[in-house]
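Trainee: Hi! Could you walk me through this one?
Mentor: Happy to, let's look together.
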Amino acid sequence: MGSFNNGKVLLAYALGVITPFAVLAVVGWFGLLPVNSNVKPPDWETAFAHHAFNAAVARNAPRLTDPIAPTDANLMAGVKLFKGDCAGCHGTPASAADNESQPSLYPSPPQFALHHPDKPDYQLFWIAQHGVRYSGMFVFGGAWKKKDGSDPSDQKIWTVVTFLKHLDSLPPDVDAEWRKSN
Ligand code: HEC
């Protein structure tokens, strides 16, 4: 290192750091970045995004306790909420395979009928409450707020989460509702 002049080392370092961003900016400017949604993201992109997402959720989601008991009535309310507000993207047993083979959002929404969510309930709650950036996942916190100022949104989100955490053990009537194709 003795013969290097510090200025040159710094310049080389700065160019090394700046060049990838400059290339990205130019590529984006001239319309060379893909923007269509009807494809699956490459594996490296999925691996990176999922890691970043999972780590951020683990860091941000408070460890709340699910207030909704998994009674028949609550699970039935959960499946109905899911079919009304989530299944258009996350599918049902009837639509999941088609949704997965023909992506229509980028990233493609996970099909919970095929892949039961493995995150803890308080993390699922936080995700649905806050939405997911750079994806089609809505913010459901406050989504059901009423004109009189009352807001059952959190309770509804917990009700859907309770349903999602019991996909392995649904009572028969709830399971029948889940599989009914409508
Ligand atoms: C308009 C489409 C759309 C709707 C409607 C929608 N989601 Fe999503 N959801 C997405 C997308 C896209 C992702 C992000 C996928 C990713 O990160 O790879 C996502 C991610 C999630 C995740 C994170 C899954 C994981 O990776 O661990 C949860 C949980 C979730 N949604 C729950 C819900 C619930 C509950 C509802 C209904 C109240 C809902 N979503 C409605 C599109 C949707």
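Trainee: Let's begin with the ligand. How far is an oxygen atom of the ligand from an N or O atom in the side chain of His50?
Mentor: That distance is 3.3 Å. Keep in mind that this is a predicted model.
Trainee: Okay, and what about the side chain of Lys119?
Mentor: There, an N or O atom of the Lys119 side chain sits 2.5 Å from an oxygen atom of the ligand. The side chain of His90 also has an N or O atom 2.8 Å from a nitrogen atom of the ligand.
Trainee: How many residues surround the ligand?
Mentor: The count is 20, and the closest are Cys86, Cys89, His90, Lys119 and Met137.
Trainee: What classes are they in the shell?
Mentor: You'll find 14 nonpolar residues, four polar and two charged.
Trainee: Which helices each supply at least two residues of that shell?
Mentor: Helix H2 (43-60), helix H4 (87-90) and helix H6 (121-130) each do.
Trainee: Switching topic: how many helices and strands does the protein have?
Mentor: It has eight helices and zero strands. The radius of gyration is 22 Å, well over the 16 Å that the globule rule gives for 182 residues, so the protein is more spread out than a compact globule.
Trainee: What does the C-alpha trace span along its principal axes?
Mentor: About 80 × 35 × 35 Å.
Trainee: And which domains is the protein divided into?
Mentor: Domain 1 covers 1-33 and domain 2 covers 43-179. Their C-alpha centres lie 42 Å apart.
Trainee: Last one: what share of the residues is buried?
Mentor: Buried residues make up 27% of the 182.

Terms used: Residues are numbered from 1 along each chain as its sequence is written. This is a predicted model: local features need pLDDT of at least 70, side-chain atom pairs count only at pLDDT 80 or more; totals for chains, interfaces and linings use all residues. Side-chain values use heavy atoms; hydrogens and water are left out. A residue is near a molecule or strand if one of its heavy atoms lies within 4 Å of it. A polar contact is a pair of N or O atoms within 3.5 Å; within protein, one must be able to donate a hydrogen and the other to accept it, and residues adjacent in sequence count only if both atoms are side-chain atoms. Helices (H or I, at least four residues) and strands (E, at least two) are DSSP runs, numbered from the N terminus. Ala, Val, Leu, Ile, Met, Phe, Trp, Tyr, Cys and Pro count as nonpolar, Asp, Glu, Lys and Arg as charged, and the others, Gly among them, as polar. Domain bounds come from an automatic or database domain assignment. The radius of gyration is taken over C-alpha atoms; the globule rule is 2.2 Å times the number of residues to the power 0.38. Buried means under 20% relative accessible area, exposed over 50%, partly exposed in between (1.4 Å probe, protein chains only).
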